[in-house]
Amino acid sequence: MSEQPTILAPDRTSFAPPTELAAQANATADSYADATANRLGYWADQAGRITWAEPFTEVLDWSNPPFAKWYVGGRLNAAYNCVDRHVEAGNGDRVALHFIGEPGDTRDITYAQLKDEVSRAANALTDLGIRAGDRVAIYLPMIPEAVVAMLACARLGAPHTVVFGGFSADALASRIVDCDARIVITADGGYRRGATSALKPAVDDALSKLGGDSPVDHVVVVRRTGQHVPFDDATDVWWHDVVDGSSPDHTPEAFDSEHPLYVMYTSGTTGTPKGILHTTGGYLVQTTSTFWSVFDHKPDDVYWCTADIGWVTGHSYVVYGPLANGASQVLYEGTPDAPHRGRWWEIIQDKGVTILYTAPTAIRTFMKWGEQIPAEYDLSTLRILGSVGESINPEAYHWYREHVGGSNAPIVDTWWQTETGGHMISPLPGVTEGKPGSAMTPLPGIVADVVDDAGQSVANGDSGYLVIREPWPAMLRTIWGDDERYRDTYWSRWEGMYFAGDGARRDEDGAIWLLGRVDDVMNVSGHRLSTTEIESALVSHPKVAEAAVVGAADNTTGQAVVAFVILRESAADDGTDVVADLRAHVAREIGPIAKPRQITVVPELPKTRSGKIMRRLLRDVAENREIGDASTLADASVMESLRGGDSRHANYCGTPRM
Ligand code: ATP
Ligand code: MG
């Protein structure tokens, strides 16, 4: 079909699930069969993984699409499910959080302690006037109080909106206003890359920008670094003053299954971030169920998800999914290179981590640093590796499997979105084989498809648009305050189908390969080219650690392929013309049509807080335009270095034509 990428670079390797793991896996082939036979029956069964104060009477009400109601009539408390019920079951002494601060301070928090702390925080928030339905903004580093604050809100039925601690005052202000938040929970600061970075001043800044329009009554400040912060006694209170003295007894109220749980803003990779609303019952069922099945979680596992709490992965797979399963997990505050580049591997060795969940961007960074670093540590406890955020390039997949997973641990490449709330397409590690670069097949109970322009399923071997054909429990319920935009953005392209914005190919065996955003697909002389595949080809060159590809307007070809690459540190300057080598390499791997017009070697790429490359900003650079909305960029100085580096740009640029 004309709209879709025509050039493919298949990796034909595939890994079967390890026999031992398969023999004891939580989810078996029966899960697929059960869900296929009776999808709603499957989701009714999965609802048994959580505790309901009152049972639901109907699994799904889809009488007013695209507005879904899951587990109709059921009542529950999300925080009770994540904390209290484990204590009641006799597991109060189990460690919930192995917190590791960047400076090296550690705190193990048991489920019993977490219950007390969440209850105290819920009592404190109540004293500050928070009632069910009020919104609370959370702007914290990766410290236990972030988890406690989220659960305290959930306990009160007060939807939280977590804003990444790396965001600016402007980004915080716009979210506070959009959600109409009455309280902001923040810290004096946090530790990053060996230094303290202040947070509270950004809150002050945001609130003073809002002036009389600020909906915020109080700012609750956690003392993390001890640095001096401005304090306004009229609005500001210390967390330890209001929480520590509160009672550890708090009776959780049961809320309707559709009671709002939180609003989370998308990464903003394709445009202005959207406030995605998740509700309680369906969201908790799907995150709890997928944590159990996709990570094959067992009670003695030590789990570590490296995502920040300010990203949906931090919500679904640091807070709600793992804690509802009673998991023990690592919570690490800092960066992978503080104080040294082996920090992650040291943590895995020290804590005996068995399940690791991270992003391809991190893996490529480790590839850039070299495999000798993880090789210094004992990583043999790892039994499952997860990947999220973007397609994992085959090269990175092989590296992850070999140098982190001991060539044995299966990789679960999990495709999902802020909007989907939980995993949607992923291998089940004891059942599904793994093909490097493919998210494989929809999980049980999920009906995903690849369709053409007319909304018809494509044949195996063809590409098209990734859609979801049936509602799923953790689906977004709307865009906060904007039902119309919800309908337009996700449900208007084809009748009755949720369109996610991603392009995909279904291979000869029916496995799904994500090809990047359809907006990013390039049209070069009439050929549709996928960014993901050209990037993978570049990363498969031994000198390249990371690559980002965009299409730039071109008088001759319509669009031209423009690439930005980061070289591996081992890529010695051996006098060869690396740009010419790379262009030839892409031509060899994919075809001459995919050869980049221009390749720029850069020290960093513009990424969101969740590590996604912001291609639309690179497109602005490639087309010499004003840079668009960069508010969700993790590090704003990267754009300056790309923009400012004109002379370096010229030095490193390849010949501008094929
Ligand atoms: P915005 O919607 O504001 O542009 P975003 O789409 O980057 O931002 P997220 O919800 O954080 O916001 O990211 C979801 C997207 O990430 C998916 O639509 C997909 O493009 C990509 N993605 C996530 N996991 C995978 C994966 N395993 N393989 C391929 N792509 C993935
Ligand atoms: Mg998106």
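Biologist: Which side chain makes a polar contact with the side chain of Y262?

Modeller: A polar contact pairs N or O atoms within 3.5 Å. In this predicted model, the partner is the side chain of Y283, at 3.0 Å.

Biologist: Where is Y262 found?

Modeller: In strand β14, which covers residues 260–265.

Biologist: Is Y262 buried or exposed?

Modeller: Under 20% relative accessible area means buried. Y262 has 0% relative accessibility, so Y262 counts as buried.

Biologist: Which residues is Y262 in contact with, leaving aside its neighbours within four places in sequence?

Modeller: Contact means heavy atoms within 4.5 Å. For Y262 the list includes P159 and H160, then I276, L277 and H278. Y283 is listed too, along with V312, H315, S316 and Y320.

Biologist: How many residues apart in sequence are Y262 and A154, and how many Å apart in space?

Modeller: The two are 108 residues apart in sequence. From C-alpha to C-alpha, Y262 and A154 are 8.2 Å apart in space.

Biologist: Now the ligand. How many residues surround ligand 1, and which are the closest?

Modeller: Ligand 1 has 22 residues around it. The closest are T266, S267, T269, T270 and T418.

Biologist: What lies 3.1 Å from a nitrogen atom of ligand 1?

Modeller: A backbone N or O atom of G389. A polar backbone atom of T414 is 2.8 Å from a nitrogen atom of ligand 1. On the side-chain part, an N or O atom of K274 is 3.5 Å from an oxygen atom of the ligand.

Biologist: How much of ligand 1 does the protein bury?

Modeller: Taken alone, ligand 1 exposes 640 Å², and the protein buries 96% of that.

Biologist: Which pocket is the space taken by ligand 1?

Modeller: The second largest pocket.

Conventions
Residues numbered from 1 in each chain as written. Chains lettered and ligands numbered in written order. Predicted model: local features only at pLDDT ≥ 70, side-chain atom pairs only at ≥ 80, totals over all residues. Heavy atoms only, no water. Helix = DSSP H or I, 4+ residues; strand = E, 2+ residues; numbered from the N terminus. Buried < 20%, exposed > 50% of the residue type's maximum accessible area, 1.4 Å probe, protein only. Polar contact = N/O pair within 3.5 Å; in protein donor to acceptor, adjacent residues only side chain to side chain. Near = heavy atom within 4 Å. Areas by Shrake-Rupley, 256 points an atom, 1.4 Å probe, with all protein chains shown as cover. 1 Å grid on protein atoms, 1.4 Å probe; cavity = no way out; pocket = protein on both sides within 12 Å on 5 of 7 lines; lining within 4 Å. Sits in = over half its atoms within 2 Å of the grid points.
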